[in-house]
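Good morning, and thank you for coming.

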Amino acid sequence: MPSLGSDMEAGTLVEWLVKPGDRVKRGDVVAVIETQKGAIEIETFQSGEIEQILVKPHSKVPVGTTLALIRTDGEAKPAAAVAAPPSVPVGPPAALPAAVAVAPPRRAPPAAPSVAPGARISPAARRLAEEHGIDLAIVTGSGPAGAITYADVERVLAVAAPEKKRAAWLDLEAMRTAIAAAMARSKREVPHYYLEHQVDVTACEQWLAQKNATLPPANRLLIGALAVKAAALAARRFPAFNGFYRDNKFEPAAAVHAGVAIAIRGGGLAAPAIHDADRLSVDELMSSMRDLVQRTRAGRIRSSEISDPTITVSSLGERGVEALYGIIYPPQVAIVGFGKVVVRPWVVDNAIGPRPVVTITLSGDHRVSDGHAGALFLAEIGKLLQKPDKL
Amino acid sequence: MSTIDIRKVLQEELNNIAPEVDIAGIDPTADLREVIDIDSMDFLNFISAVHDRLHIDIPEVDYPKLVTLDRAIAYIGAKLASSKMPNVAKAT
């Protein structure tokens, strides 16, 4: 049970998507865990064969608990005497390095997992379907080898009962508790400094209008994608704003995983990562953002997305106000804020004219950087936004 | 497709974005983004869904014509009426 935040002590395993004997590769989703941030899909970082499942569904276990054993491809089958002693989950193949937080109790009964006859249907999915009278024949599986997962049944339920569309386990109260803990810790421990920079985004608006005119709605871009790309590129060039402050020292990150702040209807907030945001094209970034927003609001974030953002970008979009001053999400060391675009009088070539202007802010961690470096970083984002075609 | 059908389609798609809002009860002349609290990503998803369902082109420059439920119904109604003559400019 890995930790997805320093305030997390335990997590509840909701469902296994694999069983002993299944082959998995790095990045496969193997289990679902319930946390204050909603259900998190846990990915394995280890390729191999599932040797043994150690934690049963609906169990709440502390962070650090071994959830399952994976035999890596190079490893020989151990002798019978050594083979996975159930009470000693140490030594053998690597544990799943994935983790989570405290969670409210599940309402599903902790029934013993029933044996799926032939068809690959997870026990939790089968139970959910039985509870709601869903015929499993109409459910399309999205798990390994087409296995039907809890989420697949949920999707069918969502169609059948639109008023229940929000995932039952997206607990906004628990999410608020998690936000409060992280933000209080940040305000306690992180010496913030704040900078702001107003940037003319005429070039972005013109480029977007031209590009979007040729695209169907599904492929159109929003200025938010340009904002994230520019911030990610700047973070690559200014490593003091991209990484983690842990154990009294700063560890710069090798990649830029941009956490994107996503508001959840009813008053929640999450900032899962878009991996390698600096290397994605703007189109790829836009489609990743749409996918991430949709999954976050449905309560389906993956473990790696929640645990590894290296910097956060928060954008108010077209509504709201002109500027926001973010609070750094520990152990990150910077958050970049984009206000809404407003038309303001602006001086260009010694003449005043109306221009679309956005206020970009930086909250930086004084343990790692200072205002001088922060100003250069923020100015770099502004410069990058002048050439949207190069982003 | 009648006006009532278009209204139903739009209400269903808005309900997908804002499941907790009673879409039938909102003021059809109010700015949708304000009354049901949707952001630019939600609005883009709404436009995409309407595009896919009704097979009409909704260029970005026309977004301001769809900001209230009544105006969206009128816009889409006109689009559908002229869809058999795609090269004819939409009547005002």
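This is a predicted model: local features need pLDDT of at least 70, side-chain atom pairs count only at pLDDT 80 or more; totals for chains, interfaces and linings use all residues.

Is B:V61 buried or exposed? There are 10 C-beta neighbours inside 10 Å of B:V61, and therefore B:V61 counts as exposed. On the chain, B:V61 sits in the loop that links helix 3 (40-54) to helix 4 (69-81) of chain B. Its C-alpha atom is 25 Å from that of B:I26, a residue 35 positions away along the chain.

Let us now view chain B as a whole. Chain B contains four helices and zero strands, so that its elements, read from the N terminus, follow the order α-α-α-α. This chain has 92 residues, of which 27% are counted as buried. If we consider the contacts in chain B between residues at least 6 apart in sequence, 55% of them link residues at least 24 apart.

One further residue of chain B deserves a remark. B:D37 is not a glycine, yet its phi is positive, at about 55°. B:D37 belongs to the loop between helix 2 (32-35) and helix 3 of chain B. Because B:D37 has 15 C-beta neighbours inside 10 Å, it counts as partly exposed.

I turn to chain A. How many helices and strands does chain A have? Its secondary structure consists of eight helices and 19 strands. Chain A has 391 residues, and 42% of them are buried. Of the contacts in chain A between residues at least 6 apart in sequence, 64% bring together residues at least 24 apart.

Chain A is divided into two domains, namely domain 1 (1-106) and domain 2 (192-390). Where these domains meet, 11 residues of domain 1 of chain A are in contact with 10 residues of domain 2 of chain A. On the domain 1 side, strand 4 (residues 38-43) of chain A provides the largest share, with six residues. By class, that side of domain 1 has six nonpolar, two polar and three charged residues.

Next, the packing of helices in chain A. Helix 5 (residues 223-237) of chain A and helix 8 (residues 371-384) of chain A have axes that come within 9 Å and cross at roughly 135°. Seven residues of the contact are nonpolar, none is polar and two are charged.

Helix 5 of chain A also packs against helix 6 of chain A, at an angle of about 110° and with the axes 9 Å apart. Helix 5 and helix 6 of chain A are therefore roughly perpendicular to each other.

A:P330 and A:P331 are joined by a cis peptide bond, with omega at about 5°. A:P331 is placed in the loop between strand 16 (311-315) and strand 17 (334-338) of chain A. The other feature concerns A:H58, a residue other than glycine whose phi is positive, near 70°. A:H58 lies in the loop from strand 5 (48-53) to strand 6 (59-62) of chain A. Because A:H58 has 18 C-beta neighbours inside 10 Å, it counts as partly exposed.

Finally, I come to the meeting of the two chains. In total, 19 residues of chain A are in contact with 15 residues of chain B. On the chain A side, the elements that give two or more residues are helix 4 (202-212) and helix 6 (282-297). That side of chain A comprises eight nonpolar, three polar and eight charged residues.

Key: Residues are numbered from 1 along each chain as its sequence is written. Chains are lettered from A and ligands numbered from 1 in the order in which they are written. Two residues are in contact if their C-beta atoms, placed from the backbone, lie within 7 Å. Ala, Val, Leu, Ile, Met, Phe, Trp, Tyr, Cys and Pro count as nonpolar, Asp, Glu, Lys and Arg as charged, and the others, Gly among them, as polar. A residue is buried if 20 or more other C-beta atoms lie within 10 Å of its own, exposed if 12 or fewer, and partly exposed in between; C-beta atoms are placed from the backbone. Domain bounds come from an automatic or database domain assignment. Axes are lines fitted to C-alpha atoms, for helices over the stretch in contact, and angles run from 0 to 180 degrees between N-to-C directions. Angles under 35 degrees count as roughly parallel, over 145 as roughly antiparallel, 65 to 115 as roughly perpendicular and the rest as oblique.
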